[in-house]
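Here is a brief report on one protein chain.

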Amino acid sequence: MREVELLVIGGGPAGLSAAAEAAGMGASVLLVDSGPRLGGQLIKQTHKFFGSRDEFAGTRGFKIADVLLDELKGLSDRVEAMIDTTVVGYYREDGTVSLSRSEDEYFLVKPKRIVVAAGAQERLIPFPGNDLPGVYGAGAVQTLMNVYGVVPGKKVLMIGAGNIGIIVAYQLIQAGIEVAGVVEAMPRVGGYWVHAAKIRRLGVPIHLMHSIKRACGDKVVEGADVMELDERFNPTGREFHVECDTICLAVGLTPTVELLWQAGCKMKYVPQLCGYVPVRDCNLRTTNHSVWVAGDSSGIEEASSAMVEGRLAGYGAALSLGYGERPDRYLSFIKRLENLRAGEVCDKIRSGIACVLCEGGEQ
Amino acid sequence: MDDRNDALLYNSGVLTGPRDGVCKAEEGQWKAKRGGYVVIECPQRIPCNPCHTSCPTGAVLPFADINDVPKVDFSKCTGCCRCVARCPGLACFVVDLAWKEGWAMMKLPYEQLPRPQKGMAVDCLDRIGRKVYRSVIEQVLEPFKDRTFVVSVPVPADLKDDVRAVKVVAHDAE
């Protein structure tokens, strides 16, 4: 059986950063991703990122993926990347993992350390007609448009005004698609105000305190009924009809954590982090001391913080393998995460992390 | 009820009045300034600072905390539009009131198709997308060569606080 020093599971912003940091310190890394190319969600992000220069603020997401992949190219003697490869099991007896590649190859790897950066899954909400062709998750719409250059329809109703809903609405307009409106149950947009302002000035209404009641149509989506909600999210009885051929759901994500369960990590349900997440120390080491976590698998947050978390996890894993300390870098990661999370928009994130932080790791 | 509607309007991304993070020059100074001054509309504390880091003159002041809303020292602003092109929120604009008496030259970020060109007719849109004026593109810049264009469009000076986007008029609608 093949032995590797560090297995990084997931080739998105967190995984790429973890692999780069650990390899930069000298560790040999196997990086696996279930998708057809590395970059994770970054490759669909055509908008410019927030944050500071360290997180490539003002640069479009897919360009950031290129920057990280270039860094890995420079470390290719120590990083092997496998795409189309899914980690399907973790054996607690000896820490072996099983992988399946391209559906016909199955093999085992025994890593000394693991960083789980498996990302997240989209949530969907139930409503009559949500199985009609034309109802999409926002991730699918983004993949179709920005990776494959295919538009999902001609007129879209977006459900959810978090950053994903608003940004995908903006990208739909860029692709020449009409956005009939954005529907949001809360009394304010969940995404950044400036993202909302961008689509408002292009004429897209954002219906706060509203929800979708049903998708209309016989064989495909032909419209949607939208209902007003009161402060307690009960329908007020007022509703209106929207004509559209596509309904796009951007109603949140939940961390992908199956492997962490299998690895025996202590897990906790934390609503602020959008699901079950592993208990970890301040360096993202889980209660299984061979396993670190980073990015959305540790709790739903932004790609900018996922990249710093990846660095931190990769650093910690390499350090525990005996590779030399780079204390200045370590402290800069801690500081950057602190800065990114300092504002009111991260109140939830900070309180969520406080729920799952365990002792240990202080340096 | 009006207060509630006003709050809901703001909460949906529409500026409804002055706030921290909304930066505008004083009118007298503004009218006299050739090349114009920046207007920033970024009222929510979020972790972001490219307006400051892209500013070559230090007019967008340093952020003590990256979550701070921007502040501008207008005595240093040259109206160069680098923040307009760099801001990921498209929340920076440059408005030149000295261009021509009674007019405002709006320099707005643009990331839509068709690719903008001098001479194209555009509808000037307010903060909720209403067409408030029909104008013609005077100049197009792409400061960072990253497909965020800065389009210069003249509008009557009294529309300077309203116009925040443009949409190129389709040929068949002209």
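The report below covers the fold as a whole and then a single sheet.

## Model and overall size

This is a predicted model. Chain A has 363 residues. For that length, a compact globule would have a radius of gyration near 21 Å. Chain A has 21 Å, so the value agrees with a compact globule.

The C-alpha atoms of chain A fill roughly 65 × 45 × 35 Å.

## Composition and packing

Chain A contains 9 helices and 19 strands. Of its 363 residues, 53% are buried.

How much of the contact set joins residues 24 or more positions apart? Among contacts in chain A with a separation of 6 or more, such pairs account for 64%.

In chain A, 3 strands make up an open sheet. Their order is 12-13-14, and the pairing is antiparallel. Which strands sit at the edges? They are strand 12 (210-216) and strand 14 (235-243) of chain A, and each pairs on one side only. On average, neighbouring strands of this sheet are turned by 25° against each other, direction ignored.

Strand 13 of chain A spans residues 223-229. Strand 13 pairs with strand 14 of chain A over 6 bridges, in the antiparallel sense.

One residue pair can be picked out by name. A:Met227 has A:Glu239, in strand 14 of chain A, as its bridge partner.

How values were computed:
Residues are numbered from 1 along each chain as its sequence is written. Chains are lettered from A and ligands numbered from 1 in the order in which they are written. This is a predicted model: local features need pLDDT of at least 70, side-chain atom pairs count only at pLDDT 80 or more; totals for chains, interfaces and linings use all residues. Helices (H or I, at least four residues) and strands (E, at least two) are DSSP runs, numbered from the N terminus. The radius of gyration is taken over C-alpha atoms; the globule rule is 2.2 Å times the number of residues to the power 0.38. A residue is buried if 20 or more other C-beta atoms lie within 10 Å of its own, exposed if 12 or fewer, and partly exposed in between; C-beta atoms are placed from the backbone. Two residues are in contact if their C-beta atoms, placed from the backbone, lie within 7 Å. Two strands pair if DSSP finds at least two bridges between them. Axes are lines fitted to C-alpha atoms, for helices over the stretch in contact, and angles run from 0 to 180 degrees between N-to-C directions.
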